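Here is a short report for a first look at this protein. Start with the sequence and the structure below.

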Amino acid sequence: MDVVHQRLSEKQIQNFTALVHDFQYDRKNIYTQLNEQIEKVHEKAEQKISLEALHYEEKFLQLNRQITQQIKQLEDFKTALF
């Protein structure tokens, strides 16, 4: 078990594993690790929302620039026609 846990740690997925030799003795460590993982899930969800918000804000600014350019072109056409 120790070798498998060590190899998983080398692959950087040790946070998703628990090394248990004695359930009664290791219980506190298991619950602590589970609690940390739950907190990380919430953090990752918040980060994802933040990234999505940044993406949408950038998209909004890009569309805003395009609309502004089109309005300027239409105003130039209006000026040329009248």
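## Overall picture

Of the 82 residues in the protein, 5% are buried. The model is a predicted one. The protein has two helices and zero strands. Its radius of gyration is 27 Å, well over the 12 Å from the globule rule for 82 residues, so the protein is more spread out than a compact globule. The C-alpha trace spans about 85 × 25 × 10 Å along its principal axes.

The accessible surface of the protein is about 7900 Å². Carbon and sulfur atoms account for 59% of that surface.

## Charges

The protein carries 11 positive and 13 negative charges. On the surface, E36, E39, E43 and E46 form a patch of negative charge. One of these residues, E36, sits in helix α2, which covers residues 23–81.

## Two residues up close

Is E36 buried, partly exposed or exposed? E36 has a relative accessible area of 41%, between the 20% and 50% cut-offs, so E36 is partly exposed. A18 belongs to the loop between α1 (2–10) and α2. A18 is also partly exposed, because its relative accessible area is 42%.

| Residue | Relative accessible area |
|---|---|
| E36 | 41% |
| A18 | 42% |

A18 can also be placed against H42. The two are 24 residues apart in sequence. In space, A18 and H42 are 20 Å apart, C-alpha to C-alpha.

Terms used
Residues numbered from 1 in each chain as written. Predicted model: local features only at pLDDT ≥ 70, side-chain atom pairs only at ≥ 80, totals over all residues. Heavy atoms only, no water. Patch = residues over 30% accessible without salt bridge, like charges linked within 9 Å, V, L, I, M, F, W, Y side chains within 5 Å. Areas by Shrake-Rupley, 256 points an atom, 1.4 Å probe, with all protein chains shown as cover. Salt bridge = Lys/Arg side-chain N within 4 Å of Asp/Glu carboxyl O. Lys, Arg positive; Asp, Glu negative; His and termini not counted. Charge placed at Lys NZ, Arg CZ, Asp CG, Glu CD. Helix = DSSP H or I, 4+ residues; strand = E, 2+ residues; numbered from the N terminus. Buried < 20%, exposed > 50% of the residue type's maximum accessible area, 1.4 Å probe, protein only. Rg over C-alpha atoms; globule rule 2.2 N^0.38 Å.
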